[in-house]
Amino acid sequence: MKKTFYLFALFIAALNLRPMITSVASMMGMIQSELGISALTASLLTTLPVLCMGLFAPFATTLSQRLGLERTLFISLLLITMATSMRGVDRSVTILLVTALAGGIGISFAGPLLSSFIKKYFPARPGIVSIYSVSMTIGAALASGLTIPIYTQNQHNLPFALSCWAVLGFIALIIWMVLIRKKQYSGNESRRLRLPLGNKKAIQFTLFFGFMASMFYALTAWISPIALSFGYSPQYAAMLLTMFTLIQVPVALLVPGIVNRSGNPKLLLVLCSVSELIGLGLLLLPVPMLSAVLFLGVGAGGLFPLALMLPIMETRTAEEAGTWSAMSQMGGYIMGAFGPFFIGWIFDLSGHFNASIIVMLVIVMLMIGVQLSMTLGKKAIEGPNEQ
């Protein structure tokens, strides 16, 4: 029963890590039109939270050490929920940028610490990361698919459409409040945790995470605008973003289990990257965009849980998993933050997306190079006794 509760706490926490980003992404064209901002400025609404997710990730382990893992995760959910709620205050680009910053800090704490949570409570089951990644994907899909209908049915009320996702945060806060009341804490400031900055494998994980994240957030931010530039309707463009997100759910659910059984993540890493290459190639051809989006979604759906899983598989304790995850997410999200920003900048310069798509093809090829260079040994998956 206790394990089931921990799994639900993991699920509901992860559900909150993407709606504040994908709700904006699905409305990007309307936000630009309603607020009169350029593509470059609009891209900051996606770039800022992702950049924060990188810059502030190292502080997650420090806070966790002082306050406790569960309390720090509660604080991160509180930040995300408050930031999302504030979007209902006013319809302005300032509010959107400030809340993107605050929410990004909250997400930056939760990202690596949920990996620690898995290592702590399920040390022999790294495949539990599928619940983490699938829940994040479901949250992203809900926000990308329903924000426009909510906006339309509420008299084009932009603040309400973007802030209503705070309801997921309030539910999560209740669950995590119950969880932290059951825990006892004693700070452990004497043992300082350090990022594995000199570890070759950790550096490879960071580079891989960066290329993966730059692709994921560039696609999340710009799939709908790309579809609009190809002549599709706003409704169909939003549907394509939803399909990109939804197809990731079954893939994210299956991939960790396959890796658990085979013990060889490298083949799946490369196959998922090749799927992204095919999807990008199809975007340059006169074929229905849905086929390209499906290949891109399969690739992204497999790569993200693998990126989360690698630090868990290659470490021995919850603390070590947290530091490896914090390092990969710090560097990875900083790299990833420039994905949507760079795509918006190139579009503003050229007036079309073909050059941007070619740049994304190069990024995926670099990612495959990093994946092939990795030496992945299946370490003993040991940790502290399950609690």
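This is a predicted model: local features need pLDDT of at least 70, side-chain atom pairs count only at pLDDT 80 or more; totals for chains, interfaces and linings use all residues.
**Entry 1: α4 and α16**

I looked up how α4 and α16 run, and they are roughly antiparallel to each other, a label used for angles over 145 degrees. The axes of helix α4 (residues 39-55) and helix α16 (residues 318-350) cross at roughly 175° and come within 7 Å. Here axes are lines fitted to C-alpha atoms over the stretch in contact, and angles run from 0 to 180 degrees between N-to-C directions. Helices are DSSP runs (H or I, at least four residues), numbered from the N terminus. I then sorted the residues of the α4 contact with α16: 16 nonpolar, seven polar and one charged. Contact means heavy atoms within 4.5 Å. Nonpolar covers Ala, Val, Leu, Ile, Met, Phe, Trp, Tyr, Cys and Pro; charged covers Asp, Glu, Lys and Arg; the others, Gly among them, are polar.

Residues are numbered from 1 along each chain as its sequence is written, and side-chain values use heavy atoms, with hydrogens and water left out.

**Entry 2: α11 and α12**

Next I checked helix α11 (residues 200-229) against helix α12 (residues 234-246): their axes cross at roughly 155° and come within 7 Å. That makes this pair roughly antiparallel too. On the α11 side I found F216, L219, T220, I223, S224, A227 and L228 in the contact, and on the α12 side P234, A237, A238, L240, L241 and F244. The tally for this contact is 11 nonpolar, two polar and no charged.

**Entry 3: the cavities**

Searching the whole structure, I got four cavities of 30 Å³ or more. A cavity is a set of points on a 1 Å grid over the protein atoms alone where a 1.4 Å probe fits but cannot get out, and lining residues have an atom within 4 Å of a point. Points are joined across faces, edges and corners, and a volume is the space filled by probe spheres set on them.

The largest cavity holds about 100 Å³ of space. Its lining includes R18, S133, F216 and Q248, and divides into seven nonpolar, four polar and one charged. I noted that α8 (129-153), α13 (248-262) and α15 (289-313) each supply at least two of the lining residues.

The second largest cavity has about 50 Å³. Among the residues lining it are N16, P19, I80 and W165. α6 gives the largest share of that lining, three residues. I counted five nonpolar, four polar and no charged residues there.

Definitions and conventions: On a 1 Å grid over the protein atoms alone, a cavity is a set of points where a 1.4 Å probe fits but cannot get out, and a pocket is an open set with protein on both sides within 12 Å along at least five of seven lines; lining residues have an atom within 4 Å of a point. Angles under 35 degrees count as roughly parallel, over 145 as roughly antiparallel, 65 to 115 as roughly perpendicular and the rest as oblique.
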